[in-house]
Amino acid sequence: MSYPYQITTYEAYQQAYKQSVEQPEQFWAAIAENFQWRKKWDEVLNWNFKEPKIEWFKGGKLNITENCLDRHLPTLGDEPAIIWEPNDPSEHHRILTYNQLHEKVCAFAQVLKNNGVKKGDRVCIYMGMIPELAIAILSCARIGAIHSVIFGGFSAQSISDRIIDAHAEYVITCDGAFRGGKDIPLKSVIDDALVSCEFVKRVIVFSRTRIAVSMIKGRDVWWEDEMKKIDAVGITDIKAAEMDAEDPLFILYTSGSTGKPKGVVHSSAGYMLFTNYSFVNVFQYKPGQLFFCTADIGWITGHSYIVYGPLSAGATSLMFEGVPTWPDAGRFWSIIDKFKVNILYTAPTAIRSLMGFGLQPLKGKDLSSLQILGTVGEPINEEAWHWYDENIGKKKCPIVDTWWQTETGGILISNLAGVTPAKPAHATLPLPGVQPVLVDENGKILEGNNVSGNLCIKFPWPSILRTTYGDHDRCRQNYFATYENMYFTGDGALRDENGFYRITGRVDDVLNVSGHRIGTAEVENAINMHDGVVESAVVGYPHDVKGQGIYAYVIYNSMHENEELTRKDIAMTVARIIGPIAKPDKIQFVSGLPKTRSGKIMRRILRKIAEGETQNLGDTSTLLDPGVVDEIKNAKL
Ligand code: WT7
């Protein structure tokens with residue numbers, strides 16, 4: 001595999017950037033030539049942000065799995081595609097070569113077909129971090145089914161909401177998942193979810209933890225039994241479905257400022273091109289290197305940089321089942337040492353959490369194989385950046401700070417490792433093809449450097465979301481209606497004296513907790529479902545490890561048997577409705593919330609109080625009952 005489009009000097013970056021803005025169609029068409037097409041496209045780009053309508057390479061025919069697997073077989077067939085490290089370090093790791101992965105994907109694609117899955121059908125995948133998860137994803141793509149992966153930390157209620165929204169008639173899951181010291185009963189959660197999804201026709205269950213599970217006759221089948229049937233007839237290759245460039249590849253649900261998560265839809269060709277291009281350029285991947293992205297495949301980072309980006313580039317992707325702190329806080333470092341990882345891509349929250357354990361867990365771990373480090377998911381504070389640089393990279397590994405979103409499909413703003421300059425806590429410069437702008441509240445574009453504003457992108461890149469599943473107008477309203485002719489990211493940013501971007505965080509009601517996106521409205525809805533809760537308001541506050549913590553102000557009308565127990569009860573309700581990831585860190589009981597005369601909650605004030613600010617709360621004169629602010633302030637947790 002060679003990458004003629006890999007940028008290796010700062011000058012080449014500037015040149016590529018210039019061309020990508022001046023002649024975007026020629027620029028991306030030339031890159032598209034490096035992939036395998038059944039038929040070339042009719043038109044490179046057709047777009048308007050009004051509807052929005054965005055089509056890249058329309059009329060082109062391909063299958064992403066032929067690009068991720070088949071085309072590598074002649075040269076890389078015996079090279080490792082996926083190296084998998086289990087949760088328990090005493091269990092043996094697994095290596096899947098490109099040949100083996102191809103064979104398994106073909107076999108499981110046939111299993112899907114045998115079970116009735118057809119092109120365009122939605123398949124919900126709820127599994128732990130095992131190679132079969134990657135196999136399930138690629139098998140869906142092979143036959144043109146649309147996968148919708150749900151992170152293992154979501155509750156039955158969240159799963160059924162997503163299954164219903166996508167009308168997914170097929171589910172792939174595991175009996176359970178190992179994560180650190182815990183066994184998570186995935187199948188049992190799925191069973192609860194499916195009580196309200198009677199339309200689900202088939203559940204395929206891979207056995208990983210082999211805890212007792214219920215298997216409903218006619219609906220549930222074992223993965224292994226289905227695979228045996230394939231082995232018996234000896235299928236080792238199935239022809240991939242021919243997909244249009246614009247056919248949807250997957251749905252991934254993410255939180256916004258409303259109460260209901262949105263199903264972000266990504267297309268086939270544009271997504272493939274951009275995840276590959278960004279992977280090769282940001283991480284400066286060289287054939288033979290081992291790439292370790294620590295994200296869960298349940299999030300976009302795992303989709304783009306464990307599965308599609310690396311595999312389309314013929315890379316070796318390391319997949320880890322467990323957590324960084326189990327059996328001890330040296331686990332990442334042991335894995336790097338064991339497999340000689342070259343590139344590590346992780347989240348600031350993981351770095352901060354590991355920083356807290358000091359240097360002891362690093363003792364005796366050889367990290368000299370590392371060449372490049374990356375971060376993603378939230379702003380990285382300078383302290384964590386320097387700790388990462390000094391103790392993990394030993395000051396010899398460039399660090400890439402990669403800014404992007406579920407909706408952008410791939411990395412939009414980042415330095416290119418060792419090629420363009422890095423600056424702590426700055427994502428720095430846009431990738432070629434990405435045209436960021438900062439705007440003020442009225443949508444006026446802020447020119448020049450040393451300015452801050454709301455971050456928008458004014459031109460489409462190949463992996464921009466195409467729609468929100470089942471509700472295109474929601475996509476328009478959310479991303480394309482705030483500012484005319486621009487994609488609005490929801491983030492604030494500043495552009496420094498050199499034109500480098502620093503992302504400052506969300507400007508909407510979306511929280512970023514340990515790099516996970518959670519809508520305040522979603523958490524409020526869940527809290528309000530708890531018996532006795534009258535009303536609630538949720539805001540974020542700075543948290544040393546998680547980046548942001550969840551602070552809930554709750555009006556509770558019943559007598560507390562015990563305040564602490566009520567807090568736990570409320571947290572339990574949130575865990576049931578959304579999932580453990582959305583549990584509030586702090587719950588303050590209040591008698592009222594600061595509201596304007598028109599009844600709108602003044603979140604700005606609540607946010608300041610949660611952040612520990614007591615003096616400059618801004619203008620409170622428009623409040624219905626200014627007295628409530630003092631009460632809240634004085635009782636702050
Ligand atoms: C939000 C997107 C992108 C994959 C993981 C999260 C924040 C992401 C950075 C960064 C500062 C960042 C933004 C963004 N974010 N990367 N390098 N610096 N903030 O995907 O769940 O869609 O969340 O994460 O606020 O909007 P996501």
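## Composition of the ligand shell

In this predicted model, the shell around the ligand is made up of 6 nonpolar, 6 polar and 5 charged residues. Of these 17 residues, the ones that come nearest to the ligand are Asp401, Thr406, Asp491, Arg506 and Arg517.

Three secondary-structure elements each contribute at least two residues to the shell: helix α11 (300-312), strand β20 (399-402) and strand β25 (501-506).

For threonine 406, an N or O atom of the side chain is 2.6 Å from a ligand oxygen. Arginine 506 has a polar side-chain atom 2.8 Å from an oxygen atom of the ligand, and for asparagine 512 the corresponding distance is 3.3 Å.

On its own, the ligand has 550 Å² of accessible area, and the protein covers 96% of that area.

Asparagine 512, with its polar side-chain atom 3.3 Å from a ligand oxygen, falls within strand β26 (residues 510-513). This strand pairs with β27 in the antiparallel sense, over 4 bridges. One of the pairings sets valine 510 against glycine 519 of β27. The two strands form a hairpin with 2 residues between them, and serine 514 in the turn has a positive phi of about 50°.

Strand β27 covers residues 516-519. In which directions do His516, Arg517, Ile518 and Gly519 point, and are they buried or exposed? His516 and Ile518 point one way, Arg517 and Gly519 point the other way, and all are buried. In a regular strand, side chains alternate between the two faces of the sheet. Arg517 is also among the residues that come nearest to the ligand.

## Strand β4 and its two partners

Why is strand β4 (residues 80-85) described as largely enclosed by the rest of the structure? The description applies because 5 of the 6 residues of β4 are buried, burial here meaning under 20% relative accessible area.

Strand β4 pairs with two other strands. With β5 (residues 94-97) it runs antiparallel, joined by 4 bridges, and proline 80 stands opposite threonine 97 of β5. With β17 (residues 316-320) β4 runs parallel, again joined by 4 bridges. In that pairing, tryptophan 84 has methionine 319 of β17 as its bridge partner.

Note on methods. Residues are numbered from 1 along each chain as its sequence is written. This is a predicted model: local features need pLDDT of at least 70, side-chain atom pairs count only at pLDDT 80 or more; totals for chains, interfaces and linings use all residues. Side-chain values use heavy atoms; hydrogens and water are left out. A residue is near a molecule or strand if one of its heavy atoms lies within 4 Å of it. A polar contact is a pair of N or O atoms within 3.5 Å; within protein, one must be able to donate a hydrogen and the other to accept it, and residues adjacent in sequence count only if both atoms are side-chain atoms. Accessible areas come from the Shrake-Rupley method with a 1.4 Å probe; for residues, only the protein chains shown count as cover. Ala, Val, Leu, Ile, Met, Phe, Trp, Tyr, Cys and Pro count as nonpolar, Asp, Glu, Lys and Arg as charged, and the others, Gly among them, as polar. Buried means under 20% relative accessible area, exposed over 50%, partly exposed in between (1.4 Å probe, protein chains only). Two strands pair if DSSP finds at least two bridges between them.
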